[in-house]
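Student: I would like to learn how to read a protein model. Could we go through some features one at a time?

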Amino acid sequence: MRQFPFRGTAQFAACLLCFTFLSSGQDLQSWLVQGSRALQAGDNAGAEAAFRRALAVDPGSIEVLNDLAIALARQNKQPEAIDLYRRALRIQPADPTTRKNLAIAYFRSQNYADAWPLLQELSAEFGDFQSFDLAGLTLFALDRYREAATYLERANKLNPADLATLDMLGKAYMRAGNYKGATSAFARIMSVNPNSPEAHVMMGMAYDKMSRDSEARIEFEAARKADPRFPGVHSGLGQVYWKEGKVELAASEFRAELKSYPNDPVSNCLLGEVLLKQNDPASAASHFRAAAAANPDYKEAQFGWGKAELALNRPQQAITPFQHAIALDPNYVQAHYALGTALKKLGRAKDASREFVAAEQIQAKQRAAYTKKLDSGERP
(Lines give C-alpha, C1' and ligand atoms only; values in the text may rest on other atoms or scores of the structure.)
Protein backbone atom coordinates (compact mmCIF):
# COMPACT_ATOMS: atom_id res chain seq x y z
CA MET A 1 0.00 0.00 0.00
CA ARG A 2 1.28 3.43 -0.99
CA GLN A 3 2.07 5.70 1.98
CA PHE A 4 1.46 9.47 2.08
CA PRO A 5 3.70 10.72 4.87
CA PHE A 6 2.81 14.01 6.61
CA ARG A 7 5.65 16.40 7.27
CA GLY A 8 4.29 17.83 10.51
CA THR A 9 1.26 18.74 12.57
CA ALA A 10 0.99 22.27 11.10
CA GLN A 11 0.91 20.94 7.56
CA PHE A 12 -1.72 18.39 8.52
CA ALA A 13 -3.94 21.08 10.10
CA ALA A 14 -3.54 23.29 7.03
CA CYS A 15 -4.57 20.46 4.73
CA LEU A 16 -7.56 19.64 6.95
CA LEU A 17 -8.65 23.33 6.99
CA CYS A 18 -8.32 23.52 3.22
CA PHE A 19 -10.43 20.37 2.80
CA THR A 20 -13.09 21.73 5.19
CA PHE A 21 -13.19 25.06 3.33
CA LEU A 22 -13.59 23.36 -0.04
CA SER A 23 -16.24 21.05 1.34
CA SER A 24 -18.17 23.98 2.85
CA GLY A 25 -17.92 25.90 -0.41
CA GLN A 26 -19.28 22.93 -2.31
CA ASP A 27 -22.13 22.56 0.22
CA LEU A 28 -22.96 26.28 -0.03
CA GLN A 29 -23.10 26.14 -3.81
CA SER A 30 -25.26 23.03 -3.81
CA TRP A 31 -27.74 24.54 -1.32
CA LEU A 32 -27.92 27.74 -3.36
CA VAL A 33 -28.59 25.81 -6.56
CA GLN A 34 -31.20 23.66 -4.82
CA GLY A 35 -32.91 26.73 -3.31
CA SER A 36 -32.95 28.62 -6.62
CA ARG A 37 -34.46 25.65 -8.44
CA ALA A 38 -37.11 25.29 -5.74
CA LEU A 39 -38.02 28.98 -6.03
CA GLN A 40 -38.38 28.69 -9.80
CA ALA A 41 -40.58 25.62 -9.36
CA GLY A 42 -42.81 27.40 -6.83
CA ASP A 43 -41.65 25.15 -3.99
CA ASN A 44 -41.18 27.98 -1.51
CA ALA A 45 -40.96 25.74 1.55
CA GLY A 46 -38.24 23.67 -0.13
CA ALA A 47 -36.42 26.87 -1.09
CA GLU A 48 -36.61 28.08 2.50
CA ALA A 49 -35.08 24.82 3.78
CA ALA A 50 -32.22 24.96 1.25
CA PHE A 51 -31.42 28.63 1.87
CA ARG A 52 -31.44 28.06 5.65
CA ARG A 53 -28.76 25.38 5.13
CA ALA A 54 -26.80 27.81 2.94
CA LEU A 55 -27.10 30.52 5.61
CA ALA A 56 -25.73 28.14 8.21
CA VAL A 57 -22.61 27.78 6.02
CA ASP A 58 -22.29 31.51 5.30
CA PRO A 59 -24.20 33.59 7.90
CA GLY A 60 -22.87 36.89 6.56
CA SER A 61 -24.01 36.53 2.94
CA ILE A 62 -26.50 39.24 2.00
CA GLU A 63 -27.35 37.26 -1.14
CA VAL A 64 -28.40 34.24 0.92
CA LEU A 65 -30.27 36.47 3.38
CA ASN A 66 -32.21 38.02 0.49
CA ASP A 67 -32.95 34.65 -1.11
CA LEU A 68 -34.22 33.21 2.17
CA ALA A 69 -36.32 36.31 2.80
CA ILE A 70 -37.90 36.00 -0.66
CA ALA A 71 -38.80 32.36 0.03
CA LEU A 72 -40.40 33.41 3.32
CA ALA A 73 -42.24 36.35 1.77
CA ARG A 74 -43.77 34.07 -0.85
CA GLN A 75 -45.19 32.03 2.01
CA ASN A 76 -46.74 35.20 3.50
CA LYS A 77 -44.18 35.19 6.31
CA GLN A 78 -43.56 38.91 5.91
CA PRO A 79 -42.34 39.66 9.49
CA GLU A 80 -39.60 37.01 9.22
CA ALA A 81 -38.64 38.27 5.75
CA ILE A 82 -38.42 41.85 7.04
CA ASP A 83 -36.12 40.76 9.87
CA LEU A 84 -33.78 39.09 7.38
CA TYR A 85 -33.69 42.15 5.08
CA ARG A 86 -32.86 44.33 8.09
CA ARG A 87 -30.11 41.91 9.05
CA ALA A 88 -28.69 42.14 5.52
CA LEU A 89 -28.73 45.94 5.67
CA ARG A 90 -26.79 45.90 8.93
CA ILE A 91 -24.07 44.03 7.01
CA GLN A 92 -24.26 46.22 3.87
CA PRO A 93 -26.44 49.30 4.50
CA ALA A 94 -26.31 50.71 0.97
CA ASP A 95 -27.19 47.53 -0.93
CA PRO A 96 -29.93 48.60 -3.41
CA THR A 97 -31.40 45.12 -3.88
CA THR A 98 -31.94 44.62 -0.16
CA ARG A 99 -33.41 48.11 0.25
CA LYS A 100 -35.88 47.54 -2.57
CA ASN A 101 -36.81 44.09 -1.27
CA LEU A 102 -37.38 45.54 2.21
CA ALA A 103 -39.55 48.33 0.79
CA ILE A 104 -41.65 45.76 -1.10
CA ALA A 105 -41.98 43.63 2.05
CA TYR A 106 -43.14 46.66 4.04
CA PHE A 107 -45.65 47.49 1.30
CA ARG A 108 -47.03 43.95 1.13
CA SER A 109 -47.40 43.84 4.91
CA GLN A 110 -49.29 47.17 4.69
CA ASN A 111 -46.59 48.91 6.72
CA TYR A 112 -46.76 51.94 4.47
CA ALA A 113 -45.18 54.39 6.90
CA ASP A 114 -41.91 52.41 6.87
CA ALA A 115 -42.10 51.65 3.14
CA TRP A 116 -42.36 55.30 2.10
CA PRO A 117 -38.88 56.61 3.17
CA LEU A 118 -37.16 53.73 1.40
CA LEU A 119 -39.22 54.16 -1.76
CA GLN A 120 -38.61 57.91 -1.74
CA GLU A 121 -34.84 57.27 -1.65
CA LEU A 122 -34.97 54.54 -4.29
CA SER A 123 -37.06 56.70 -6.62
CA ALA A 124 -34.58 59.56 -6.33
CA GLU A 125 -31.57 57.28 -6.83
CA PHE A 126 -32.74 55.04 -9.67
CA GLY A 127 -35.82 56.66 -11.20
CA ASP A 128 -37.15 53.29 -12.39
CA PHE A 129 -40.76 52.32 -13.04
CA GLN A 130 -41.11 49.97 -10.07
CA SER A 131 -39.82 52.53 -7.54
CA PHE A 132 -42.08 55.30 -8.85
CA ASP A 133 -45.09 52.96 -9.04
CA LEU A 134 -44.66 51.57 -5.52
CA ALA A 135 -43.99 55.05 -4.14
CA GLY A 136 -47.25 56.27 -5.68
CA LEU A 137 -49.23 53.30 -4.39
CA THR A 138 -47.74 53.77 -0.91
CA LEU A 139 -48.66 57.47 -0.84
CA PHE A 140 -52.18 56.56 -2.01
CA ALA A 141 -52.47 54.12 0.90
CA LEU A 142 -51.32 56.92 3.23
CA ASP A 143 -54.12 59.17 1.87
CA ARG A 144 -51.55 61.54 0.33
CA TYR A 145 -53.32 61.61 -3.02
CA ARG A 146 -51.73 64.65 -4.65
CA GLU A 147 -48.22 63.34 -3.99
CA ALA A 148 -49.31 59.87 -5.10
CA ALA A 149 -50.43 61.29 -8.44
CA THR A 150 -47.02 62.92 -8.95
CA TYR A 151 -45.16 59.61 -8.56
CA LEU A 152 -47.72 57.65 -10.59
CA GLU A 153 -47.38 60.18 -13.42
CA ARG A 154 -43.62 59.51 -13.41
CA ALA A 155 -44.26 55.77 -13.50
CA ASN A 156 -46.73 56.19 -16.36
CA LYS A 157 -44.18 58.20 -18.34
CA LEU A 158 -41.80 55.23 -18.16
CA ASN A 159 -44.49 52.66 -18.99
CA PRO A 160 -47.44 54.39 -20.70
CA ALA A 161 -49.32 51.16 -21.42
CA ASP A 162 -49.50 49.91 -17.82
CA LEU A 163 -53.23 50.00 -17.13
CA ALA A 164 -52.99 49.29 -13.40
CA THR A 165 -50.81 52.37 -12.89
CA LEU A 166 -53.14 54.53 -14.98
CA ASP A 167 -56.14 53.27 -13.02
CA MET A 168 -54.54 54.21 -9.68
CA LEU A 169 -53.42 57.55 -11.14
CA GLY A 170 -56.99 58.39 -12.10
CA LYS A 171 -58.27 57.37 -8.67
CA ALA A 172 -55.56 59.45 -6.96
CA TYR A 173 -56.67 62.49 -8.96
CA MET A 174 -60.31 61.75 -8.05
CA ARG A 175 -59.51 61.52 -4.34
CA ALA A 176 -57.51 64.75 -4.56
CA GLY A 177 -60.43 66.52 -6.23
CA ASN A 178 -58.42 67.05 -9.42
CA TYR A 179 -61.11 65.99 -11.88
CA LYS A 180 -59.30 67.42 -14.89
CA GLY A 181 -56.32 65.21 -14.06
CA ALA A 182 -58.66 62.25 -13.54
CA THR A 183 -60.26 62.63 -16.97
CA SER A 184 -56.78 62.82 -18.51
CA ALA A 185 -55.73 59.56 -16.81
CA PHE A 186 -58.89 57.68 -17.78
CA ALA A 187 -58.65 58.98 -21.36
CA ARG A 188 -55.19 57.43 -21.48
CA ILE A 189 -56.63 54.13 -20.27
CA MET A 190 -59.19 54.21 -23.06
CA SER A 191 -56.50 54.94 -25.63
CA VAL A 192 -54.93 51.62 -24.59
CA ASN A 193 -58.20 49.77 -23.96
CA PRO A 194 -61.16 51.60 -25.55
CA ASN A 195 -63.68 49.16 -24.06
CA SER A 196 -62.58 49.44 -20.44
CA PRO A 197 -65.82 49.69 -18.42
CA GLU A 198 -63.92 50.83 -15.33
CA ALA A 199 -62.29 53.72 -17.19
CA HIS A 200 -65.65 54.81 -18.62
CA VAL A 201 -67.26 54.63 -15.15
CA MET A 202 -64.47 56.63 -13.52
CA MET A 203 -64.51 59.14 -16.37
CA GLY A 204 -68.27 59.48 -15.89
CA MET A 205 -67.78 60.08 -12.17
CA ALA A 206 -65.18 62.78 -12.88
CA TYR A 207 -67.49 64.54 -15.35
CA ASP A 208 -70.31 64.26 -12.82
CA LYS A 209 -68.17 65.99 -10.19
CA MET A 210 -67.52 68.79 -12.69
CA SER A 211 -71.28 69.07 -13.39
CA ARG A 212 -70.71 68.09 -17.02
CA ASP A 213 -73.82 65.92 -17.02
CA SER A 214 -74.15 65.20 -20.75
CA GLU A 215 -70.53 64.00 -20.95
CA ALA A 216 -71.00 61.93 -17.77
CA ARG A 217 -74.07 60.28 -19.32
CA ILE A 218 -72.11 59.40 -22.47
CA GLU A 219 -69.37 57.73 -20.41
CA PHE A 220 -71.78 55.74 -18.23
CA GLU A 221 -73.68 54.61 -21.33
CA ALA A 222 -70.39 53.49 -22.92
CA ALA A 223 -69.56 51.56 -19.74
CA ARG A 224 -73.01 49.94 -19.77
CA LYS A 225 -72.48 48.87 -23.37
CA ALA A 226 -69.02 47.42 -22.57
CA ASP A 227 -70.17 45.52 -19.47
CA PRO A 228 -73.72 46.03 -18.13
CA ARG A 229 -72.84 44.20 -14.90
CA PHE A 230 -69.78 46.28 -14.05
CA PRO A 231 -70.12 47.83 -10.55
CA GLY A 232 -71.31 51.43 -10.64
CA VAL A 233 -72.47 51.46 -14.27
CA HIS A 234 -76.21 51.71 -13.55
CA SER A 235 -75.75 53.66 -10.32
CA GLY A 236 -73.74 56.34 -12.09
CA LEU A 237 -76.20 56.62 -14.96
CA GLY A 238 -79.08 56.74 -12.48
CA GLN A 239 -77.46 59.67 -10.66
CA VAL A 240 -77.21 61.62 -13.93
CA TYR A 241 -80.89 60.96 -14.66
CA TRP A 242 -81.80 61.95 -11.07
CA LYS A 243 -80.00 65.28 -11.43
CA GLU A 244 -81.78 65.86 -14.73
CA GLY A 245 -85.16 65.24 -13.09
CA LYS A 246 -85.76 62.00 -15.03
CA VAL A 247 -87.12 60.17 -12.01
CA GLU A 248 -88.44 57.01 -13.66
CA LEU A 249 -85.26 56.48 -15.67
CA ALA A 250 -83.19 57.03 -12.51
CA ALA A 251 -85.26 54.49 -10.58
CA SER A 252 -84.86 51.95 -13.37
CA GLU A 253 -81.07 52.30 -13.30
CA PHE A 254 -80.86 52.08 -9.50
CA ARG A 255 -82.95 48.89 -9.57
CA ALA A 256 -80.71 47.45 -12.29
CA GLU A 257 -77.65 48.11 -10.10
CA LEU A 258 -79.32 46.52 -7.08
CA LYS A 259 -80.24 43.45 -9.11
CA SER A 260 -76.52 42.67 -9.44
CA TYR A 261 -75.35 44.30 -6.18
CA PRO A 262 -78.20 44.29 -3.62
CA ASN A 263 -76.11 45.95 -0.91
CA ASP A 264 -74.88 48.90 -2.99
CA PRO A 265 -75.34 51.83 -0.58
CA VAL A 266 -75.56 54.60 -3.20
CA SER A 267 -78.24 52.89 -5.28
CA ASN A 268 -80.22 51.96 -2.18
CA CYS A 269 -80.05 55.50 -0.81
CA LEU A 270 -80.97 57.22 -4.07
CA LEU A 271 -83.74 54.75 -4.83
CA GLY A 272 -85.05 55.59 -1.37
CA GLU A 273 -85.11 59.27 -2.37
CA VAL A 274 -87.02 58.39 -5.54
CA LEU A 275 -89.56 56.36 -3.56
CA LEU A 276 -90.05 59.20 -1.07
CA LYS A 277 -90.73 61.50 -4.00
CA GLN A 278 -93.24 58.95 -5.30
CA ASN A 279 -94.98 58.91 -1.90
CA ASP A 280 -93.91 55.38 -0.95
CA PRO A 281 -92.16 55.95 2.41
CA ALA A 282 -92.43 52.32 3.54
CA SER A 283 -90.41 51.06 0.57
CA ALA A 284 -88.10 54.06 0.87
CA ALA A 285 -87.35 53.25 4.52
CA SER A 286 -86.36 49.71 3.54
CA HIS A 287 -83.80 50.98 1.02
CA PHE A 288 -82.43 53.65 3.35
CA ARG A 289 -81.93 51.01 6.06
CA ALA A 290 -80.07 48.78 3.57
CA ALA A 291 -77.80 51.70 2.60
CA ALA A 292 -77.09 52.54 6.25
CA ALA A 293 -76.39 48.89 7.04
CA ALA A 294 -73.88 48.68 4.17
CA ASN A 295 -72.23 51.97 5.17
CA PRO A 296 -73.13 53.24 8.67
CA ASP A 297 -71.17 56.45 7.99
CA TYR A 298 -73.35 57.38 5.00
CA LYS A 299 -75.02 60.44 6.50
CA GLU A 300 -77.47 60.92 3.62
CA ALA A 301 -78.74 57.35 4.13
CA GLN A 302 -79.23 57.97 7.84
CA PHE A 303 -81.05 61.24 7.14
CA GLY A 304 -83.23 59.64 4.45
CA TRP A 305 -84.13 56.81 6.80
CA GLY A 306 -85.26 59.35 9.40
CA LYS A 307 -87.31 61.27 6.80
CA ALA A 308 -89.05 58.05 5.74
CA GLU A 309 -89.91 57.23 9.35
CA LEU A 310 -91.35 60.72 9.81
CA ALA A 311 -93.40 60.32 6.63
CA LEU A 312 -94.77 57.09 8.12
CA ASN A 313 -95.71 59.08 11.25
CA ARG A 314 -93.18 57.15 13.34
CA PRO A 315 -91.24 60.01 14.99
CA GLN A 316 -89.75 57.78 17.70
CA GLN A 317 -88.10 55.54 15.06
CA ALA A 318 -86.83 58.64 13.26
CA ILE A 319 -84.78 59.96 16.18
CA THR A 320 -81.87 57.47 16.06
CA PRO A 321 -81.04 57.86 12.35
CA PHE A 322 -81.31 61.67 12.63
CA GLN A 323 -78.96 61.63 15.64
CA HIS A 324 -76.54 59.39 13.78
CA ALA A 325 -76.53 61.78 10.81
CA ILE A 326 -75.77 64.71 13.13
CA ALA A 327 -72.98 62.76 14.85
CA LEU A 328 -71.41 62.23 11.42
CA ASP A 329 -71.84 65.91 10.51
CA PRO A 330 -72.61 68.29 13.40
CA ASN A 331 -73.36 71.08 10.87
CA TYR A 332 -76.02 69.05 9.06
CA VAL A 333 -78.72 71.74 9.15
CA GLN A 334 -81.51 69.63 7.64
CA ALA A 335 -80.90 66.82 10.13
CA HIS A 336 -81.08 69.20 13.11
CA TYR A 337 -84.34 70.67 11.83
CA ALA A 338 -85.83 67.23 11.07
CA LEU A 339 -84.80 65.93 14.49
CA GLY A 340 -86.50 68.95 16.05
CA THR A 341 -89.65 68.10 14.10
CA ALA A 342 -89.61 64.50 15.35
CA LEU A 343 -89.08 65.62 18.95
CA LYS A 344 -91.91 68.16 18.68
CA LYS A 345 -94.27 65.42 17.45
CA LEU A 346 -93.35 63.43 20.56
CA GLY A 347 -94.22 66.36 22.82
CA ARG A 348 -90.58 67.08 23.75
CA ALA A 349 -90.85 70.81 23.12
CA LYS A 350 -87.67 71.82 24.98
CA ASP A 351 -85.50 69.30 23.12
CA ALA A 352 -87.13 70.25 19.83
CA SER A 353 -86.43 73.94 20.46
CA ARG A 354 -82.77 73.17 21.06
CA GLU A 355 -82.49 71.48 17.64
CA PHE A 356 -84.32 74.31 15.86
CA VAL A 357 -81.98 76.86 17.47
CA ALA A 358 -78.95 74.78 16.47
CA ALA A 359 -80.17 74.70 12.87
CA GLU A 360 -80.66 78.50 12.85
CA GLN A 361 -77.21 79.12 14.33
CA ILE A 362 -75.50 76.88 11.76
CA GLN A 363 -77.36 78.62 8.94
CA ALA A 364 -76.33 82.03 10.32
CA LYS A 365 -72.65 80.99 10.40
CA GLN A 366 -72.87 79.63 6.87
CA ARG A 367 -74.44 82.86 5.59
CA ALA A 368 -71.74 84.92 7.33
CA ALA A 369 -68.97 82.77 5.80
CA TYR A 370 -70.55 83.07 2.36
CA THR A 371 -70.83 86.87 2.66
CA LYS A 372 -67.20 87.11 3.80
CA LYS A 373 -66.05 85.20 0.72
CA LEU A 374 -68.06 87.47 -1.54
CA ASP A 375 -66.68 90.61 0.15
CA SER A 376 -63.10 89.34 -0.22
CA GLY A 377 -63.60 88.59 -3.91
CA GLU A 378 -63.09 84.89 -3.31
CA ARG A 379 -65.21 82.49 -5.31
CA PRO A 380 -67.71 80.84 -2.92
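Predicted model: local features only at pLDDT ≥ 70, side-chain atom pairs only at ≥ 80, totals over all residues.

Student: How much space lies in the largest pocket?

Tutor: Start with the volume, then ask what lines it. The largest pocket holds about 600 Å³ of space. Its lining has 24 residues, and Met205, Gly232, Ser235, Gln239 and Val266 are the closest to the centre.

Student: Which helix supplies the largest share of the lining of the largest pocket?

Tutor: Helix 11, with six residues. Helices 9, 11, 13 and 15 each supply at least two lining residues. By type, the lining divides into 12 nonpolar, five polar and seven charged residues.

Student: Which residues have the most contacts inside the largest nonpolar core?

Tutor: A nonpolar core is a set of buried residues joined through their side chains. Here the largest has 86 residues, and Leu102, Leu169, Phe186 and Leu271 have the most contacts inside it. Helix 3, residues 62-73, gives the most to this core, with eight residues. Apart from it lies another core, of 15 residues, including Ile319 and Ala338.

Student: Is Phe254 buried or exposed?

Tutor: Compare the relative accessibility with the cut-off: buried means under 20%. Phe254 counts as buried because its relative accessibility is 0%.

Student: Where is Phe254 placed, and what does Phe254 touch?

Tutor: Phe254 is in helix 14, residues 247-260. Leaving out residues up to four places away in sequence, Phe254 touches Ser235, Gly238, Gln239, Ser267, Leu270, Leu271 and Val274. Of these names, Ser235 and Gln239 were also listed for the pocket, and Leu271 for the core.

How values were computed. Residues numbered from 1 in each chain as written. Heavy atoms only, no water. 1 Å grid on protein atoms, 1.4 Å probe; cavity = no way out; pocket = protein on both sides within 12 Å on 5 of 7 lines; lining within 4 Å. Points joined across faces, edges and corners; volume = space filled by probe spheres on them. Helix = DSSP H or I, 4+ residues; strand = E, 2+ residues; numbered from the N terminus. Nonpolar A, V, L, I, M, F, W, Y, C, P; charged D, E, K, R; others polar. Core = buried A, V, L, I, M, F, W, Y, C linked by side-chain atoms within 4.5 Å. Buried < 20%, exposed > 50% of the residue type's maximum accessible area, 1.4 Å probe, protein only. Contact = heavy atoms within 4.5 Å.
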